[in-house]
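Here is a short report for a reader new to this structure. Look at the chain as a whole before turning to its parts.

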Amino acid sequence: MKEKRGQWNSRLGFILAAAGSAVGLGNIWKFPGKVGANGGGAFLLTYMIVVAIIGFTVMMAEFAIGRKTHKNAVGAFAMLNKKWKFAGVIGIVALFIILSYYAVVGGWVTKYVITYLTGAQFGNGSNAYATYFTNFITSPVEPILWDLLFLGVCIFIISKGVSAGIEKVSKVLMPGLFVLLIGIAIRSVTFPGADEGLRFMFTFRLEDLTSDMIVAAVGQAFFSLSVGMGILITYGSYLDKETDMVNSAKWICILDTFVAILAALAIIPSVFVTVGPDGLGMGGGFAFVALPHVFETLPGGIGHIFGLIFFVLLLLAALTSALSILESLVACVSEEFHISRKKSMAIMVIPLTLLSCGYSLSQLSTRGINLPWFDFSNGFQMLAMNAVMEKLTDNVLIPLGALAFCIFVGWVWKPQNAIAEIEQEGVTFPLKKAWSFSIRYIAPIAIIVILYFTVVKGIV
Ligand code: PFF
């Protein structure tokens with residue numbers, strides 16, 4: 001069954017929609033945690049270099065493939081060179097796993113929206129926020145209910161069609177998120193004692209330049225920019241010929257990195273002030289533990305309102321990203337198997353839900369907590385399913401996908417064909433020589449090196 005492909009309504013709409021896909025939980029939930037766990041300044045600098053060189057390179061390649069073929073990732077490769085279909089498939093597998101855990105964290109955000117709506121009672125004591133968060137994510141049923149709600153909303157929205165919703169939401173969301181994050185960051189960096197956190201974030205210490213840190217920076221950059229999974233091929237496929245892809249890619253990289261750094265500025269200094277340097281190991285819980293504290297310190301009870309607005313915006317950011325993933329999965333399955341969008345959604349729902357529940361439950365097993373009706377330590381270990389899922393996508397599947405895109409565009413399809421696609425309707429690509437060199441040598445070699453590190457060290 002052939003369904004009509006949409007197009008973005010405006011050029012700004014495209015940038016906003018792609019930025020809507022890029023800006024999400026990766027920036028606010030993952031990034032500050034990674035900065036904290038990987039030594040601060042060294043990670044930050046490596047991250048920015050990776051975004052500017054490798055991230056931008058792969059992003060341009062994906063846009064060019066997408067607009068050339070007007071197909072989803074798998075279909076695009078099937079059209080340009082059948083042997084390379086696997087490159088699209090790697091991305092699709094990564095997206096599937098990502099969506100399953102993204103929905104869990106999206107569910108956590110939904111819970112916090114409701115918490116703020118109903119009065120934000122986190123309890124007392126210096127550990128109140130951390131205790132509240134840990135108790136919540138390690139309760140067996142509640143996080144799964146929020147997870148299913150989040151997933152259900154995504155499925156509902158996607159079954160209504162492509163760009164319209166995503167574009168509209170992003171137009172309000174991006175400026176709102178910026179303004180609020182800037183405000184929160186200012187509050188956080190002006191706490192007495194915040195300078196220690198700032199020094200941590202902006203001091204480059206050579207001893208932090210480790211292979212683990214570099215792997216984390218590359219994985220995080222790809223995840224955050226939404227590159228390496230073919231999603232931007234799908235986005236490019238909805239582009240018209242007049243759109244300047246170079247400018248769009250530049251802005252998406254800048255916006256995404258800006259939001260991530262703002263989030264780290266909002267969170268890390270306040271972690272130093274409240275918990276001290278030991279809090280840096282908190283990882284994924286950062287946003288949920290540190291930010292409520294920042295809100296509480298605002299005068300006259302406006303903290304609750306700020307908290308509510310912030311978590312609503314974060315929820316929208318998570319939704320636009322999750323929607324971009326689901327849209328890509330649905331477009332791919334329905335176009336490749338020639339079935340309707342509804343049917344392709346139906347095929348995915350059950351495995352997606354099961355994987356998602358596994359991620360949620362592994363929050364218990366990895367903390368040594370058993371279910372009332374199930375003893376994890378008894379034979380069946382859920383391993384560190386959460387860590388495995390995140391590292392498998394960030395450090396293995398996404399880099400593998402990105403590597404395949406680089407080799408395909410650099411050596412098979414050839415950079416000049418991609419450049420011809422990029423330079424249409426008077427658009428020029430001033431960096432085309434550097435980009436050709438990067439897509440053929442710099443990006444693939446860098447990715448091979450980090451894949452080597454990952455293999456040598458093991459996934460978890
Ligand atoms: N880039 C998104 C984030 O940083 O939250 C996550 C994401 C969206 C990953 C879309 C992959 C994707 F295809």
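Buried residues account for 52% of the 460 residues in the chain. The model is predicted. Its secondary structure comes to 18 helices and zero strands. The radius of gyration is 21 Å, close to the 23 Å that the globule rule gives for 460 residues, so the chain is as compact as a globular protein of that length. Along the principal axes, the C-alpha trace spans about 60 × 45 × 45 Å. Take the contacts between residues at least 6 apart in sequence: 85% of them join residues at least 24 apart.

Helix α3 covers residues 41-69. Two of its helix contacts are set out here.

| Pair | Partner residues | Axes come within | Crossing angle |
|---|---|---|---|
| α3 and α10 | 211-225 | 9 Å | roughly 50° |
| α3 and α18 | 432-457 | 9 Å | roughly 120° |

Start with α10. The axes of α3 and α10 cross at roughly 50°. That makes α3 oblique to α10. The crossing is right-handed. On the α3 side, the contact includes Ala42, Phe43, Thr46 and Tyr47, along with Val50, Val51, Ile54, Gly55 and Met59. They meet α10 residues including Met213, Ile214, Ala217, Val218 and Phe222. By class, this contact has 14 nonpolar, three polar and no charged residues.

Now α18. Here the axes of α3 and α18 cross at roughly 120°. The two helices are therefore oblique to each other. In which hand does α3 pass α18, left or right? The crossing is left-handed. From α3, the contact takes Ile53, Ile54, Thr57, Val58, Met60 and Ala61. From α18 come Trp435, Ser438, Ile439, Ile442, Ala443 and Ala446. These residues divide into 10 nonpolar, two polar and no charged.

Ile54 of α3 takes part in the contact with α10 and in the contact with α18.

**Two residues with positive phi**

Histidine 70 is not a glycine, yet its phi is positive, about 55°. It sits in the loop between α3 and α4. Is histidine 70 buried, exposed or partly exposed? It has 15 C-beta neighbours inside 10 Å, so histidine 70 counts as partly exposed.

Serine 226 is not a glycine either, and its phi is positive at about 65°. This residue lies in the loop between α10 and α11. Serine 226 has 31 C-beta neighbours inside 10 Å and therefore counts as buried.

How values were computed: Residues numbered from 1 in each chain as written. Predicted model: local features only at pLDDT ≥ 70, side-chain atom pairs only at ≥ 80, totals over all residues. Axes fitted to C-alpha atoms, helices over the stretch in contact; angles between N-to-C directions. Helix = DSSP H or I, 4+ residues; strand = E, 2+ residues; numbered from the N terminus. Parallel < 35°, antiparallel > 145°, perpendicular 65-115°, else oblique. Left-handed = near helix turned anticlockwise from the far one by under 90°. Contact = placed C-beta atoms within 7 Å. Nonpolar A, V, L, I, M, F, W, Y, C, P; charged D, E, K, R; others polar. Rg over C-alpha atoms; globule rule 2.2 N^0.38 Å. Buried ≥ 20, exposed ≤ 12 C-beta atoms within 10 Å, placed from the backbone.
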